[in-house]
Amino acid sequence: MTLKAGWIYIAAALTALPNTGWPGGWWPASLGPSAALADTQGDVMDAAVLLMSQSTVVDRGGKHNLLLKAIRHLGDPTTKPLFETLATSEHPGLKIHGILGLAELSEGNRVDLALIAQIDDPLVQSTVITAAMDGELLDHEQAAQLLKWDGLADEAKTLVAVRLIETGGFRDTATLHDAISNAKNIGAGALAALLLVQLEDSVGLDHLRSVVDTSDDPQRDTVRAMLLQTSNKHHFNRISPWALEIATEPGVDPLLGLLALRIALRFGEPGAVALWQTYYDNAKDSAAGRVRLALTALHLSPWLEPDLFESIKASDDPMLRSIGEAGWHIASDSSNVADAVAALLEFGHPMINAWALVFAQEHANEFDAQVILLGLVLAYEHSPQRGKARRLDEAVQAAQALYERDPDAAVKLLRPILTDQDTDKLLAQAILLGLIRTRSVDAVDVVEGIEDQLNSMDAKGLALLLLARADKPMDTDQLNALALHARGGGRLEDSLRVQAAWLYLKRTGAAEQTLARVLGKTNP
């Protein structure tokens with residue numbers, strides 16, 4: 001189980017978009033009139049060499065990960081030699097970045113199976129496979145090829161089977177039986193058993209009940225939680241009877257029991273709704289308990305019947321009542337979903353806002369999504385001081401999600417906020433950071449033509465980075481301002497500085513020479 005947990009953690013860290021930090025440390029400084037005077041290509045090259053060299057050296061604080069994710073985020077084929085070098089590194093983390101970086105730059109965005117085959121360490125191999133699947137860099141055909149490799153560890157085969165079973169392309173129960181027999185820890189065998197359950201092989205459920213549930217391994221409940229989360233992520237609905245058994249298990253850990261109930265509800269297991277109602281009724285003296293149960297129902301509202309939310313709607317607590325209203329409207333597929341969720345956002349509860357972001361991205365219709373995401377962006381200006389930092393981060397995520405879901409709507413909805421001189425300066429910068437986090441160079445459409453109307457020099461600096469990564473002309477003053485940021489003359493965090501430096505050098509024809517210096521192929 002520790003092994004599996006490590007795979008999930010590392011894969012998430014390596015595939016996530018670069019997070020530039022919040023709220024301090026990344027903000028660009030004001031660009032004074034002298035910004036264009038002293039910058040030279042050589043200075044920027046030196047700055048880029050330093051930052052990119054730091055990306056190739058493992059840092060205990062993880063700085064190399066941030067820098068490499070930022071470079072990968074640019075998606076520039078010119079950086080290919082860097083990732084080719086990293087793919088041959090002895091350090092697992094650098095090797096993984098190299099293989100994934102090459103996959104992202106390849107035609108069709110597919111991982112090179114030959115590079116995976118060269119990895120001797122099963123953990124590193126499994127991590128690459130997991131990250132490639134999560135990043136959609138491994139297609140169905142490649143996954144099927146992996147399963148035929150004699151040298152592929154059972155743990156890795158099980159991970160590949162997860163994705164293939166989700167798409168209906170795997171029926172090889174014998175491979176999963178072998179994985180259970182050869183499992184070196186409780187987690188490896190349990191995951192194979194979960195897949196057998198989904199394939200309707202009775203060996204899977206028997207193993208979960210007779211081996212996992214009865215185990216005295218200290219990792220038992222961690223493993224069971226992992227299985228429930230995996231079922232939810234990959235829509236393995238046949239696990240719901242076992243989930244309900246855990247939810248009703250005497251002495252079960254409350255958080256594990258709630259997670260199990262959530263899975264049973266999600267997949268419509270008979271008796272799950274009645275059990276939820278019993279828990280909710282019994283929690284009448286626990287405000288926190290009722291909020292947890294209400295939020296569980298809210299998360300599942302796209303799959304639940306409206307009746308479940310009646311008791312929440314009847315609550316005397318205003319927030320619970322609003323959760324009930326929102327859940328009821330979603331479950332009813334009513335035309336008032338946007339209004340109900342908007343009212344819920346007024347409470348500024350971090351767990352509600354996190355749910356709203358996911359709901360808008362994955363379940364809401366186009367109009368409702370726009371209302372909800374715009375509400376999350378604007379919530380910052382109306383939030384109490386105590387919660388402003390969190391609201392600011394939510395605004396970044398919402399702006400990114402709004403653009404990624406509907407670029408045209410983002411242009412229409414965000415440009416007026418950015419040009420309004422009364423918009424909070426930090427909010428304007430948060431919106432721009434959200435646009436930078438998207439992978440689309442077309443995100444510049446939100447700011448193109450309004451750069452001079454932005455209400456702070458800091459915002460103009462972020463808009464400049466959007467302009468630089470797009471195929472748009474830049475005049476001398478803009479290039480000099482970009483060079484200033486690249487050299488550290490502003491307050492950009494290093495993950496943005498390395499992007500600014502690379503984009504400047506690309507435009508001035510010095511990118512390849514810079515990369516050669518980083519890789520030690522030329523003299524400094």
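Q: What makes the crossing of α2 and α29 right-handed or left-handed?
A: In this predicted model, α2 passes α29 in a right-handed crossing. A crossing is right-handed if the near helix is turned clockwise from the far one by less than a right angle, and left-handed if anticlockwise. Helices here are DSSP runs of H or I with at least four residues, numbered from the N terminus.

Q: Why are α2 and α29 called oblique to each other?
A: Helix α2 (residues 41–55) and helix α29 (residues 511–518) pack at an angle of about 45°, their axes being 9 Å apart. Axes are lines fitted to C-alpha atoms over the stretch in contact, and angles run from 0 to 180 degrees between N-to-C directions. Angles under 35 degrees count as roughly parallel, over 145 as roughly antiparallel, 65 to 115 as roughly perpendicular and the rest as oblique. The pair α2 and α29 is therefore oblique.

Q: Which residues meet in the contact of α2 with α29?
A: From α2 come M45, D46, A48, V49, M52 and S53, and from α29 come Q513, T514, L515, R517 and V518. Contact means heavy atoms within 4.5 Å. These residues divide into 6 nonpolar, 3 polar and 2 charged. The classes are nonpolar for Ala, Val, Leu, Ile, Met, Phe, Trp, Tyr, Cys and Pro, charged for Asp, Glu, Lys and Arg, and polar for the others, Gly among them.

Q: What makes α26 roughly perpendicular to α27?
A: The axes of helix α26 (residues 457–469) and helix α27 (residues 476–486) cross at roughly 110° and come within 10 Å. That angle makes α26 roughly perpendicular to α27. By class, their contact has 6 nonpolar, 3 polar and no charged residues.

Q: Why is helix α14 called largely enclosed?
A: Of the 8 residues of α14 (residues 240–247), 6 are buried, so the helix is largely enclosed by the rest of the structure. Buried means under 20% relative accessible area, exposed over 50%, and partly exposed in between (1.4 Å probe, protein chains only). The buried residues are S240, W242, A243, L244, I246 and A247. Their cover includes α12 (202–212), α13 (220–234), α15 (254–266) and α16 (272–282).

Q: How do you know whether S301 is buried or exposed?
A: S301 has 0% relative accessibility and therefore counts as buried. S301 lies in the loop between α17 (287–299) and α18 (310–313). Not counting residues up to four places away in sequence, S301 touches F309, G327, I330 and A331.

Q: What does the side chain of S301 reach?
A: The S301 side chain reaches the backbone oxygen of L298 at 2.7 Å.

Q: How do N109 and E136 count by relative accessibility?
A: N109, at 36%, counts as partly exposed, and E136, at 63%, counts as exposed.

How values were computed: Residues numbered from 1 in each chain as written. Predicted model: local features only at pLDDT ≥ 70, side-chain atom pairs only at ≥ 80, totals over all residues. Heavy atoms only, no water. Helix = DSSP H or I, 4+ residues; strand = E, 2+ residues; numbered from the N terminus. Polar contact = N/O pair within 3.5 Å; in protein donor to acceptor, adjacent residues only side chain to side chain.
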